[in-house]
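Good morning, and thank you for coming.

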Amino acid sequence: MSQLGTLESGSRHDLHVGMSPDAPDEDHLSEEEGLFGYAHSYETSSRYDGPGLRIVLFLSGCLLRCTYCHNPDTWHLKDGTYVSIEQVIKRLADFAPALRSLGGGLTISGGEPMVQLPFTRRILAAAKDMGLHTAIETSGFLGDRADERFLSVLDLVLLDIKSGDPDTYKRATSRDLAPTLRFAERLAATNKPVWIRFTLVPGLTDDPDNVEKIAKFVAPMKNVEWVEVQPFHQLGSFKWKAMGLEYKEANTTSPTPELRKRVIEQFQAAGCRAR
Ligand code: SF4
């Protein structure tokens with residue numbers, strides 16, 4: 001059993017490793033009550049991760065291995081800080097009045113928030129009780145875990161579709177695309193608001209055919225409010241080095257404004273509201 005630590009404010013770009021060496025593997029987590037969990041950090045004033053001003057909580061644990069991940073220190077539970085649900089709710093309550101008055105809320109990101117689904121659900125439910133708008137950022141890979149109880153405390157899903165072509169998806173993430181598409185279809189069937197996020201990585205995800213597959217899949221979905229094209233950046237490269245990981249994107253550059261424009265226009269041409 002890990003020792004309780006302190007939930008740290010900071011930045012998603014801070015390196016956190018080895019905080020809970022006794023934590024279970026992320027794919028063997030059996031915490032069903034959600035009374036405790038593993039967290040990387042939280043940011044208090046994001047304007048990018050949902051509507052209004054957001055507090056963003058980064059939870060540990062992810063089963064994907066994106067070659068361009070800027071937070072590899074969120075992959076393993078053992079790198080996160082072991083915290084109780086009370087600690088998280090108390091911290092959230094400190095910010096709730098300001099978030100409410102600014103029309104904002106809570107976004108839980110990671111890592112992957114559905115690795116620790118009961119813990120994530122409890123936090124979202126507490127945020128709803130405080131009158132906050134709630135969101136998660138997810139790859140959707142574990143979408144089959146999201147039951148009605150979980151979806152009922154979620155106002156918005158920021159769904160990362162990392163590629164439209166299954167082979168490219170596998171090359172980029174080491175996992176299969178199908179569970180993400182299945183989750184997107186479920187969200188569409190229940191009209192749950194969604195912002196699709198697509199990370200534009202030159203030489204990996206920028207192929208017009210790869211983009212077109214996502215655009216055509218998403219365009220008919222009335223619940224999708226935005227498609228956001230996010231440029232790859234190198235802000236996380238130091239983490240790969242510090243953690244002794246082989247970083248395949250070491251020489252990849254950020255997309256040019258022209259390339260980003262081409263991709264946004266490709267989504268728009270398919271009928272998506274893209275930015
Ligand atoms: S899903 Fe997110 S946290 Fe997980 S490996 Fe990919 S970019 Fe990193």
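Strand β7, residues 194-200, is joined to β8 by seven bridges, and the two run parallel. Within this pairing, W195 has W226 of β8 as its bridge partner. Strands here are DSSP runs of E with at least two residues, helices are runs of H or I with at least four, and both are numbered from the N terminus. Two strands count as paired if DSSP finds at least two bridges between them.

A word on the source. This is a predicted model, in which local features need pLDDT of at least 70 and side-chain atom pairs count only at pLDDT 80 or more, while totals for chains, interfaces and linings use all residues. Residues are numbered from 1 along each chain as its sequence is written, and side-chain values use heavy atoms, with hydrogens and water left out.

Now the sheet as a whole. Eight strands form an open, mixed sheet in the order β3-β1-β2-β4-β5-β6-β7-β8. Because β3 (81-84) and β8 (224-231) at the edges each have a single partner strand, one side of each is left without a neighbour in the sheet. From one strand to the next, the twist averages 30°. Helix α1, residues 85-101, packs on this sheet and touches β1 (36-46), β2 (54-59), β3 and β4 (105-109); contact means heavy atoms within 4.5 Å. The direction of α1 makes about 75° with that of β3, where axes are lines fitted to C-alpha atoms, for helices over the stretch in contact, and angles run from 0 to 180 degrees between N-to-C directions.

Which residues lie nearest the centre of the largest pocket? They are R12, H70, E137, R197 and Q230, among 38 lining residues. The space in this pocket is about 940 Å³, and β8 gives the most to its lining, with four residues.

There is also one cavity of 30 Å³ or more. The largest cavity holds about 70 Å³ of space, and α1 gives the most to its lining, with three residues. Among the lining residues are L7, Y42 and I123.

As for terms, on a 1 Å grid over the protein atoms alone, a cavity is a set of points where a 1.4 Å probe fits but cannot get out; a pocket is an open set with protein on both sides within 12 Å along at least five of seven lines; and lining residues have an atom within 4 Å of a point. Grid points are joined across faces, edges and corners, and a volume is the space filled by probe spheres set on the points.
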